[in-house]
Amino acid sequence: SDIANLAELALHIKPKSDGTIELGCHVVDVTAHIEESSSLDRRARKRSTSVFMPQKLVNLLPQALSKTVALGKDKESATISVVYTLDSTTFKIKSSWIGESVIKPSRLITVAEITEEYNSQKQTAFLSLLEKIATAFYSERLNYPEAKLMPSLSLFESLDDEKVNVDLNILDRSIGSIIINEISLKLDTSV
């Protein structure tokens, strides 16, 4: 079992003895660190979520607490987990479990590192399987069996008025972000 960690999301993949694959998606359970009805609890409820933008991150919790509860290598963390049992050939979900758990990530990896490893042609078994699962989720979401994760959008590669590449092009996404986004979309539709 290998684990990818993206500060607030951890993933694990385990081949099972019955020929299925277990995909676990774990999100930090901040409620394990906040006293109910406290001032911080009331503030967090008003915000309801963290907001990620290309230029800025607005955390649900104060920055010091966010760093304390963030997932870390070899650090036990309370999480809310969704664990899927997948068919090992089609990667279709056979069953799922949602609940509280405690995990201890063995490895930290960023989206940029996923992209770098993918592009290096020296993929670990973990990344290769994660990419196949994300592709299957993407194909199912589009209801198009031949769908690929990295659609070609060369028409949208754009230059600004000074013929400089636009570096904040919403259509310019790395393979790492596409893989994690597909897993996240499946996770979001499960809860």
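**Helix packing and residue exposure**

Analyst: The axes of helix 4 and helix 5 come within 9 Å of each other and cross at roughly 55°, where axes are lines fitted to C-alpha atoms, for helices over the stretch in contact, and angles run from 0 to 180 degrees between N-to-C directions. The model is predicted, so local features need pLDDT of at least 70 and side-chain atom pairs count only at pLDDT 80 or more, while totals for chains, interfaces and linings use all residues. Residues are numbered from 1 along each chain as its sequence is written, and side-chain values use heavy atoms, with hydrogens and water left out.

User: Why is helix 4 called oblique to helix 5?

Analyst: Angles under 35 degrees count as roughly parallel, over 145 as roughly antiparallel, 65 to 115 as roughly perpendicular and the rest as oblique. The crossing angle is roughly 55°, and therefore helix 4 is oblique to helix 5.

User: What is the handedness of the crossing of helix 4 and helix 5, and which residues meet there?

Analyst: The crossing of helix 4 and helix 5 is left-handed, a term used if the near helix is turned anticlockwise from the far one by less than a right angle, with right-handed used if clockwise. On the helix 4 side the contact includes Leu127, Leu130, Ile133 and Phe137, and on the helix 5 side it includes Ile179, Ile180 and Ile183, contact being heavy atoms within 4.5 Å. By class, the contact of helix 4 with helix 5 has 10 nonpolar, no polar and five charged residues; Ala, Val, Leu, Ile, Met, Phe, Trp, Tyr, Cys and Pro count as nonpolar, Asp, Glu, Lys and Arg as charged, and the others, Gly among them, as polar.

User: How do you know that the span of helix 5 is close to the expected one?

Analyst: Helix 5, residues 175-190, has 16 residues and reaches 23 Å from its first C-alpha to its last, against the 22 Å expected at 1.5 Å a residue. The expected span is 1.5 Å times one less than the number of residues, and helices (H or I, at least four residues), like strands (E, at least two), are DSSP runs numbered from the N terminus. The buried residues of helix 5, among them Ile175, Ile178 and Leu187, pack against partners that include strand 2 (9-15), strand 6 (77-87) and helix 3 (111-119).

User: What makes Ser139 buried or exposed?

Analyst: Buried means under 20% relative accessible area, exposed over 50%, and partly exposed in between, with a 1.4 Å probe and protein chains only. Ser139, in helix 4, has a relative accessible area of 11% and is therefore buried. Leaving aside residues up to four places away in sequence, Ser139 touches Tyr144, Pro145 and Ala147.

User: Which terms apply to Asn143 and to Asp74, buried, partly exposed or exposed?

Analyst: Asn143, in the loop between helix 4 and helix 5, has a relative accessible area of 68% and so counts as exposed. Asp74, in the loop between helix 2 (63-69) and strand 6, counts as partly exposed because its relative accessibility is 45%. Most residues other than glycine have a negative phi. Although not a glycine, Asn143 has a positive phi of about 55°, and Asp74, also not a glycine, has a positive phi of about 60°.

User: Why is Thr110 called partly exposed?

Analyst: The relative accessible area of Thr110 is 39%, and therefore Thr110 is partly exposed. Thr110 lies in the loop between strand 7 and helix 3, and its C-alpha atom is separated by 8.4 Å from that of Gly176, 66 residues apart along the chain.
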